[in-house]
Amino acid sequence: MWRSLRSLRQISQRTISTASRRQLENRVPEKQKLFQEDNGLPVYLKGGAMDGLLYRVTMGLSVFGTGYVLYELMVASMPKKQK
């Protein structure tokens, strides 16, 4: 049992120490330049094509949802016919 605990401790220490050695590239200055650039685009579209796609999908779902809610309100406001 002690042997397995010792090996588990060694594995956990090894993964933590190797993760801290790995350096991630700092891309914050690049992103700051991109988002501060005056190119006439709103900030929610400056990220590229995926931002445009996400914006269009979100707007489409919002318009569809609003239309569906209005339709359901209209149906709920009409009296049902008696048979």
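## Basis and secondary structure

Helices (H or I, at least four residues) and strands (E, at least two) are taken as DSSP runs and numbered from the N terminus. On that basis the chain has three helices and zero strands, and its elements follow the order α-α-α from the N terminus.

The model is predicted, with local features requiring pLDDT of at least 70 and side-chain atom pairs counted only at pLDDT 80 or more, while totals for chains, interfaces and linings use all residues. Residues are numbered from 1 along each chain as its sequence is written, and side-chain values use heavy atoms, leaving out hydrogens and water.

Of the 83 residues, 2% count as buried, meaning under 20% relative accessible area with a 1.4 Å probe and protein chains only. The chain exposes about 8400 Å², of which carbon and sulfur atoms supply 62%; these areas come from the Shrake-Rupley method with a 1.4 Å probe.

K46 lies in the loop between helix 2 (28-36) and helix 3 (49-77). Although buried, K46 has no salt bridge, and D38, the nearest side chain of opposite charge, is 6.0 Å away; a salt bridge would need a side-chain nitrogen of Lys or Arg within 4 Å of a carboxyl oxygen of Asp or Glu. The side chain of K46 does reach the backbone oxygen of E37 at 2.5 Å.

## The annotated segment

The unreviewed UniProt entry annotates residues 53-71 as "transmembrane region", and such annotations may be inferred rather than shown by experiment. In the model, residues 53-71 are 100% helix and 0% strand, with the end C-alpha atoms 27 Å apart.

Note on methods:
Buried means under 20% relative accessible area, exposed over 50%, partly exposed in between (1.4 Å probe, protein chains only). Lys and Arg count as positive and Asp and Glu as negative; His and the chain ends are not counted. A polar contact is a pair of N or O atoms within 3.5 Å; within protein, one must be able to donate a hydrogen and the other to accept it, and residues adjacent in sequence count only if both atoms are side-chain atoms.
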